[in-house]
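Here are a few exercises to work through with the model open beside you. Try each task before you read its solution.

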Amino acid sequence: MSEPTQCVLIVPCSGIGKPFGTVSREAAYEVVEDLRPNQTHLVALSRLVMGDVEARTAVATCPAITLDGCKLACATKMVRECGGSVMRGFAVLDVYRRHRDLKPHGIARLNDGGLKLAHALATEVTAVVDSLVAPSCPAEIKGNSHV
Amino acid sequence: MMSIFIETTVDKFTFKVATDRAYTPEGLWVSATGNQVRVGLTDYLQQRSGDVAFVEVKPEGTAVAAGDELATLETIKVNTSLVSPVSGRVAQVNPALEDTPELINSDPYGEGWLAVISVADWAADQARLLTAEQYFKQMKQQAEEDTKKP
């Protein structure tokens, strides 16, 4: 099995109680756990906010893709504040505008439309991950899919 | 011409009201030039509604009476029906909103306008609307009540 060509961090919105935030996290889980488990790592936004050293080091080391649930764009802002590189910032709302039939509802558990919207976002994120892959992944990040 | 605003900060939110136009209690602004009025959402209404996903305004040529549905708004929080503040005919729909409905959020009193309506009797319509000061007072009270809700 070939080594991952580069680690790409996926940083979703941490907004709890908002369907669009939940969509961002569902999409992030799908990318990191199912679609590109060897090339991506999830960083919890809350850990960046809390100043967690491991999370901040990861962000400073690897390129990031951010998934924001609203225009406040907390994930994108926080990664930049931590000195990270946002290679692509996704807004769930933009994806929803392209998939109007997939209206997300629910918070703890998304409706079918929300889950499908998350999958659509995950698919777009995966395409960006594939365009970013490069030679190596820092050793301290390897083997730990959630940071 | 640059608008002058009065504003208030409630909790962490700041809401602006342009002083050069009239308002509906529901949060639409109306700016008249001759027998045509331009209509849009107030800063308070757009912030309260959330990020706009889609807006659909009645097509040009549609006759509307004050209180009739003028547009529907879908945001990340709510689906809202916006009623016309005046009676007349839709003369122009903001073409920019088709591709960039977020203009309603980013520039509610400017580029984010909804429609221009040709009015039959502006004086009669205007008499039903609020002045900027009246709307500001009502909006401030409503915003403060919102912060008390759990």
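**Exercise 1. Find how strands S1 and S3 of chain A are joined, and which way they run.**

Step 1: Go to S1 (residues 8-12) and S3 (residues 64-68) of chain A; four bridges join them, and the two run parallel. Strands here are DSSP runs of E with at least two residues, helices are runs of H or I with at least four, and both are numbered from the N terminus. Two strands pair if DSSP finds at least two bridges between them.

Step 2: Look across the pair: Leu9(A) sits opposite Ala64(A) in S3(A), and Ile10(A) faces Ile65(A).

A quick note on the model: it is predicted, so local features need pLDDT of at least 70 and side-chain atom pairs count only at pLDDT 80 or more, while totals for chains, interfaces and linings use all residues. Residues are numbered from 1 along each chain as its sequence is written, chains are lettered from A and ligands numbered from 1 in the order in which they are written, and side-chain values use heavy atoms, leaving out hydrogens and water.

**Exercise 2. Work out the strand order of the open sheet in chain A, and which strands stand at its edges.**

Step 1: The four strands come in the order S2-S1-S3-S4, with parallel pairing.

Step 2: S2 (40-42) and S4 (86-91) of chain A each have a single partner strand, so one side of each lacks a neighbour in the sheet.

Step 3: On average, neighbouring strands are turned by 20° against each other, direction ignored.

**Exercise 3. Trace the chain from S3(A) to S4(A).**

Step 1: Five bridges join S3(A) to S4(A), and these strands run parallel. Asp68(A) has Ala91(A) as its bridge partner in S4(A).

Step 2: The chain gets across through H4(A), making a right-handed β-α-β crossover (with the strands pointing away from the viewer, the path from the first strand over the helix to the second runs clockwise).

How values were computed: Axes fitted to C-alpha atoms, helices over the stretch in contact; angles between N-to-C directions.
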